[in-house]
Amino acid sequence: MNHFLFGVYPYIAFAVFFLGSLARYDRDQYTWKTGSSQLLESKQLRKGSAAFHVGIIAILCGHFVGLLTPNAVWHALGVSASFKQMVAMGVGGFFGLICLYGMVILIKRRLTNDRVRATTTTMDLTILLLLFAQLVLGLLSIFVSSGHMDGAEMLKLMAWAQNIVILDAAHAAEQMVDVHWIFKMHITLGMTLFVLFPFSRLVHVWSVPVKYFTRNYQIVRAK
């Protein structure tokens, strides 16, 4: 089971993530959207969405850099594993709480606003609740990490992620054998979110309007 969850399942998840996204874009472009409910209620949406997006973007960037940067690079920069773990706990906890604040608002809005609830699909609610569970697991992992500040557990997670990238599934799964169960749940749920990604409104992540920041101004009305 350990080999499947941490050596095989990640590749299944990434395959579904990429191929499913391509298939949906090719076959159902009209569903490639966020399905915004801003016209139904905007005040809570603005408050919750801003906090959620700031938090989640910072967390994802932190995970990407923290897990995939080789340990040799950190050593060359003079950053020890224990210091890196302390920074990850502090920064991750800060942005995690911001994200949690936004998520609570968004979930409450979905469940209690009749107009928004009427347009909410089962997948919408499922994704929100899974993201909430993933965030809670991540925040709880901070307390687990505080029990061993030597950074040893973090090095195992880094080794797992980097072995997955270089397609060494056996060594990746081996790194996870003795890792605390909360990290195992966090990773497994994260992979599951990749599996569900192409079938939800999360596909809008692929369409981040980067060109918006560099395009020429559009004149709507001139005096």
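What follows is a chat about how the descriptions of this predicted model come from its values.

User: Before we start, what makes a residue count here, and how are residues numbered?

Analyst: Numbering runs from 1 along each chain as its sequence is written, and side-chain values use heavy atoms, with hydrogens and water left out. As this is a predicted model, local features need pLDDT of at least 70 and side-chain atom pairs count only at pLDDT 80 or more, while totals for chains, interfaces and linings use all residues.

User: How many helices and strands are there in the protein?

Analyst: The protein has 9 helices and 0 strands, so from the N terminus on the elements run α-α-α-α-α-α-α-α-α, where helices (H or I, at least four residues) and strands (E, at least two) are DSSP runs, numbered from the N terminus. Along the principal axes, the C-alpha atoms fill a box of roughly 60 × 40 × 35 Å.

User: What makes a residue "buried", and what share of the protein counts as that?

Analyst: Buried means under 20% relative accessible area, exposed means over 50%, and partly exposed is in between (1.4 Å probe, protein chains only). Of the 223 residues, 36% count as buried.

User: What makes phenylalanine 4 fall in its accessibility class?

Analyst: Its relative accessible area is 38%, so phenylalanine 4 is partly exposed. Phenylalanine 4 belongs to helix α1 (residues 2-27).

User: Why is leucine 167 called exposed, and what about its phi?

Analyst: Leucine 167 has 64% relative accessibility, so it counts as exposed. Its phi is near 65 degrees, a positive value in a residue other than glycine. Most residues other than glycine have a negative phi. Leucine 167 lies in the loop between α7 (152-165) and α8 (169-175).

User: How do you know how α4 and α6 run relative to each other?

Analyst: Helix α4 (residues 81-112) and helix α6 (residues 122-145) pack at about 150 degrees, with their axes 9 Å apart. Axes are lines fitted to C-alpha atoms, for helices over the stretch in contact, and angles run from 0 to 180 degrees between N-to-C directions. Angles under 35 degrees count as roughly parallel, over 145 as roughly antiparallel, 65 to 115 as roughly perpendicular and the rest as oblique. That makes α4 roughly antiparallel to α6.

User: Which residue classes make up that contact of α4 with α6?

Analyst: It has 17 nonpolar, 4 polar and 2 charged residues. Here Ala, Val, Leu, Ile, Met, Phe, Trp, Tyr, Cys and Pro count as nonpolar, Asp, Glu, Lys and Arg as charged, and the others, Gly among them, as polar.

User: What about α2 and α4: why the orientation they get?

Analyst: Their axes come within 7 Å and cross at roughly 150 degrees, and α2 and α4 are therefore roughly antiparallel to each other. By class, this contact divides into 14 nonpolar, 7 polar and 3 charged residues.

User: How do you know that the length of α6 agrees with what it should span?

Analyst: The expected span of a helix is 1.5 Å times one less than its number of residues. The 24 residues of α6 should span 34 Å, and the end C-alpha atoms are 34 Å apart, which agrees. Cover for the buried residues of α6 includes α2 (43-68), α4 and α9 (181-196).

User: And how does α7 do?

Analyst: With 14 residues, α7 reaches 20 Å from its first C-alpha to its last, close to the expected 20 Å. Buried residues of α7 include Met158 and Trp160, and its buried residues pack against α1, α2, α3, α4, α8 and α9.

Note on methods
Contact = heavy atoms within 4.5 Å.
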